[in-house]
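Student: I would like to go through this structure and ask how each label was reached. Please set the values against the cut-offs as we go.

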Amino acid sequence: MFKLSEIKELIELLDQTSVHELEIENEGARLCIRKNGVSEVVHVQPMQAAAAPGFVPAAVSVPAAQEATPAPQAAEAARSAAPAANLHTIVSPMVGTFYRSSSPEAQPYVNIGDKVGEKTTVCIIEAMKLMNELEAEVKGEIIDILVENGQMVEYGQPLFLVKPE
């Protein structure tokens with residue numbers, strides 16, 4: 001596992017170079033640091049969850065820049081708007097890239113105004129070259145799509161607003 005001091009040191013070193021992404025594997029843990037505009041996010045994920053009995057892996061996010069990015073503010077606004085309007089928010093179950101369709105040529109799985117069921121696929125989240133289909137898990141109507149096709153999404157980030165039936 002990586003120590004917080006080691007992660008901070010790597011962020012500082014990366015900040016001083018023209019390198020935009022650094023990926024390290026050590027003792028069953030994977031560390032990926034990426035530069036995105038004014039902020040950097042660090043994710044630590046275990047390579048194998050069953051590597052150590054009784055060990056509970058945790059993801060660590062450490063913002064490297066002092067300025068806040070607009071994405072978390074928009075996500076927070078969407079979270080607070082959903083309960084007020086009795087809307088269900090479909091959130092990302094993982095960090096990855098959001099895709100509205102199975103391929104660039106294919107039609108999007110859902111559009112605003114579409115009716116969905118609990119098992120309706122609404123998007124794909126690509127994580128480490130694996131395509132993960134995300135289901136609506138609620139019956140209703142798509143009210144809003146909160147992210148753009150091809151956009152990086154974080155764990156727990158709101159993706160869709162659904163008006164339940």
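Tutor: Start with a cut-off: a residue is buried when its relative accessible area is under 20%, exposed when over 50%, and partly exposed in between. Keep in mind that this is a predicted model.

Student: Why is Thr97 called buried?

Tutor: Thr97 has a relative accessible area of 14%. Buried means under 20%, so Thr97 is buried.

Student: Where is Thr97, and which residues is Thr97 in contact with, leaving aside neighbours within four places in sequence?

Tutor: Thr97 has its place in strand 5. With those neighbours left aside, its contacts are Ile124, Ile125, Glu126, Gly150, Gln151 and Met152. Contact here means heavy atoms within 4.5 Å.

Student: What makes Pro108 partly exposed?

Tutor: The relative accessibility of Pro108 is 28%. Pro108 lies in the loop between strand 5 (96–99) and strand 6 (115–116). Not counting residues up to four places away in sequence, Pro108 touches Arg100 and Ser101.

Student: Are the two partners buried or exposed?

Tutor: Lys115 counts as exposed because its relative accessibility is 57%, and exposed means over 50%. Glu141, at 26%, counts as partly exposed.

Student: Which residues form the negative surface patch, and why can Glu12 belong to a patch?

Tutor: The patch is formed by Glu6, Glu9, Glu12 and Asp15. Patch residues need over 30% relative accessible area and no salt bridge. Glu12 has 51%, so Glu12 passes the area cut-off and is also exposed. Glu12 is found in helix 1 (residues 4–15).

Student: How many helices and strands does the protein have, and how much of the protein is buried?

Tutor: There are two helices and 11 strands. Of the 165 residues, 32% count as buried.

Key
Residues are numbered from 1 along each chain as its sequence is written. This is a predicted model: local features need pLDDT of at least 70, side-chain atom pairs count only at pLDDT 80 or more; totals for chains, interfaces and linings use all residues. Side-chain values use heavy atoms; hydrogens and water are left out. Patches are made of residues with over 30% relative accessible area and no salt bridge: like charges are joined within 9 Å, nonpolar side chains (Val, Leu, Ile, Met, Phe, Trp, Tyr) within 5 Å. Accessible areas come from the Shrake-Rupley method with a 1.4 Å probe; for residues, only the protein chains shown count as cover. A salt bridge is a side-chain nitrogen of Lys or Arg within 4 Å of a carboxyl oxygen of Asp or Glu. Lys and Arg count as positive and Asp and Glu as negative; His and the chain ends are not counted. The place of a charge is taken as NZ of Lys, CZ of Arg, CG of Asp or CD of Glu. Buried means under 20% relative accessible area, exposed over 50%, partly exposed in between (1.4 Å probe, protein chains only).
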